[in-house]
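Colleague: I am new to this one. Please walk me through it in short steps.

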Amino acid sequence: MFELIKSGGWLMLPIIACSVAAMAICFERLWFLKTGRVIPQGLLAEVWELIRSGEMTPERLRVISEGSPLGSVIVSGVRNARYGREIMKDSIEESASHVIHELERYLNPLGTIAAVTPLLGLLGTVIGMIKVFTAIMIQGTGNANVLAGGISEALITTAAGLSVAIPALVMHRYFQRRIDTLVITMEQEAVKLVEVLHGERDDSLS
């Protein structure tokens, strides 16, 4: 493996750095974007029960808000419920925008890695071919080792760049789709709370 990396030239270093960064981002986002962590099951029913029983305290609001992204959105609505439906909805939307920003953390770097690594591979290809043609100009076509070295560098960097970019692009699209799904679910939960607190539906939440 080391010999393969060495054969690819110095451009293998940024490609490897990109691969390490992409893996770290993917593992971190896979953990952070778990459905149970973002949208805890039964949270909305628990909040409504606390409100209905009069047991909702500032301390419990703080714990719920810090417990999950959905909790943060719900608590924002609860704190502004007394100001009317529209103010409550506005506060939920504002909180949701911050939550979405948090859910999308590191996705821009991942997308950048997916876009840049093929270019690094292409640059390696160009450098490798330049070396080949330079060797041909100086030594002619008789030195096969020199020609093979330049061609090898070109092919290795291209393959390495694509090997990093393809999974990074796939995971970037996957995370975007997952975030969209989570946001829609959070919006539905928040709407339920607004409707119940302002008497537009029954008080059964699940």
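**Questions on the predicted model**

Modeller: Start at Ser68. Beyond its neighbours within four places in sequence, Ser68 is in contact with Arg37, Val38, Pro40 and Leu43. Keep in mind that this is a predicted model.

Colleague: Is Ser68 buried or exposed?

Modeller: Its relative accessible area is 6%. Buried means under 20%. Ser68 therefore counts as buried.

Colleague: Which residue has its backbone nitrogen 3.0 Å from a polar atom of the Ser68 side chain?

Modeller: The side chain of Ser68 supplies one polar atom of the pair. A backbone nitrogen lies 3.0 Å away. That nitrogen belongs to Gly71.

Colleague: Now the whole protein. What pattern does it follow along the sequence?

Modeller: The protein has 9 helices and 0 strands. Read along the sequence, the pattern is α-α-α-α-α-α-α-α-α.

Colleague: What share of the residues is buried?

Modeller: The protein has 206 residues. The accessible surface comes to about 11,900 Å², with 63% of it on carbon and sulfur atoms. The buried share of the residues is 35%.

Colleague: Where does UniProt place the feature "transmembrane region"?

Modeller: The record is an unreviewed entry. In the model, residues 12-32 are 100% helix, with end C-alpha atoms 30 Å apart. Residues 113-138 are also 100% helix, and their end C-alpha atoms lie 37 Å apart. UniProt places the feature at residues 12-32, 113-138 and 150-170.

Colleague: How far apart in space are Ala17 and Ile113, C-alpha to C-alpha?

Modeller: Ala17 sits in helix α2 (residues 12-32). In sequence, Ala17 and Ile113 are 96 residues apart. In space, their C-alpha atoms are separated by 9.9 Å.

Colleague: Which residues make the nonpolar surface patch?

Modeller: The patch covers about 610 Å². One of its members, Val126, is found in helix α8 (residues 107-139). Val126 has 40% relative accessibility, so it counts as partly exposed. The patch is made by Trp10, Leu119, Leu122, Leu123, Val126 and Ile130.

Colleague: What share of contacts with a separation of 6 or more joins residues 24 or more positions apart?

Modeller: Contact means heavy atoms within 4.5 Å. Among contacts with a separation of 6 or more, the share is 74%.

Technical notes:
Residues are numbered from 1 along each chain as its sequence is written. This is a predicted model: local features need pLDDT of at least 70, side-chain atom pairs count only at pLDDT 80 or more; totals for chains, interfaces and linings use all residues. Side-chain values use heavy atoms; hydrogens and water are left out. UniProt positions are given in the numbering used here, feature names are shortened, and annotations may be inferred rather than shown by experiment. Helices (H or I, at least four residues) and strands (E, at least two) are DSSP runs, numbered from the N terminus. Patches are made of residues with over 30% relative accessible area and no salt bridge: like charges are joined within 9 Å, nonpolar side chains (Val, Leu, Ile, Met, Phe, Trp, Tyr) within 5 Å. Accessible areas come from the Shrake-Rupley method with a 1.4 Å probe; for residues, only the protein chains shown count as cover. A salt bridge is a side-chain nitrogen of Lys or Arg within 4 Å of a carboxyl oxygen of Asp or Glu. Buried means under 20% relative accessible area, exposed over 50%, partly exposed in between (1.4 Å probe, protein chains only). A polar contact is a pair of N or O atoms within 3.5 Å; within protein, one must be able to donate a hydrogen and the other to accept it, and residues adjacent in sequence count only if both atoms are side-chain atoms.
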